Amino acid sequence: MNLIRQAAALFVAAALLLAGTAMAHHGSNISYDLSKSYEQKATITQFGYINPHPIVLFDVTNKKGQVEHWHSEIVTNPSRMIRSGWGKIRSEAALKPGTVVTLTLSPAKAGGFSALITKITNDKGEEIITGN
């Protein structure tokens, strides 16, 4: 009976450790200012359909006419994208380099050219990514 209790305690300890590790990643509120969401026209330079969140590199022309090179991650993950009809092939085709899109962004709290993408809309008005 003592062996069963030890095994159960070990299982519970392992589950708690793994849960903490899994929750540690999901810190969008820590890295990004979700209260300051805004829309931005951008040109895709690279798209990576990767876990845990796809990445998008894009260019923005600022008010001075200078090109800014941004790096971002998409709020959702590939599993949710697949369930909403945006598998890897379709997403890569829709977000190929040179594609002009409108992004809804939450800026990085650390500043710089980094943001969390919460929505992507193509030039036809089709939402490619929306919400979480």
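Is Lys-119 buried, exposed or partly exposed? Lys-119 is partly exposed, with a relative accessible area of 23%. Keep that residue in mind. We will come back to it.

First, a caution. This is a predicted model.

Now the overall layout. The chain has four helices and six strands. Start at the N terminus and read along: α-α-β-β-β-α-α-β-β-β. The chain has 132 residues, and 33% of them are buried.

What about contacts? Take those between residues at least 6 apart in sequence. Of these, 55% join residues at least 24 apart.

Next, the inside. In soluble globular proteins, nonpolar side chains tend to be buried together. Here, the largest nonpolar core holds 21 residues. Which members touch the most others? They are Phe-58, Leu-103, Ile-117 and Ile-120. At least two core residues come from each of these strands: β1 (38-48), β2 (55-61), β3 (67-74), β4 (100-107), β5 (114-122) and β6 (127-130).

Find Phe-58 on the structure. Leave out residues up to four places away in sequence. Phe-58 then touches, among others, Ala-42, Ile-44, Trp-70, Leu-103, Leu-105 and Ile-117. Its contacts also include Glu-68 and His-69.

Now the charged pairs. Side chains of opposite charge can pair when their charged atoms come close. How many salt bridges are there? The count comes to three.

Pair one is Lys-36 with Asp-33, at 3.7 Å from N to O. Its two partners sit differently. Lys-36 has 51% relative accessibility, so it counts as exposed. Asp-33 is at 17%, and therefore counts as buried. The cut-offs are over 50% for exposed and under 20% for buried.

Pair two is Glu-126 with Arg-90. Their closest N and O atoms are 3.3 Å apart. Why does this pair tie together separate parts of the chain? Because Glu-126 lies in the loop between β5 and β6, while Arg-90 lies in helix α4 (residues 88-94). Those parts are 36 residues apart in sequence. Glu-126 is partly exposed, at 35% relative accessibility. Arg-90 is partly exposed too, at 39%.

Glu-127 has 38% relative accessibility, so it counts as partly exposed. Lys-119, as we said, is partly exposed at 23%.

That is the tour. Thank you.

Technical notes. Residues numbered from 1 in each chain as written. Predicted model: local features only at pLDDT ≥ 70, side-chain atom pairs only at ≥ 80, totals over all residues. Heavy atoms only, no water. Buried < 20%, exposed > 50% of the residue type's maximum accessible area, 1.4 Å probe, protein only. Contact = heavy atoms within 4.5 Å. Core = buried A, V, L, I, M, F, W, Y, C linked by side-chain atoms within 4.5 Å. Salt bridge = Lys/Arg side-chain N within 4 Å of Asp/Glu carboxyl O.
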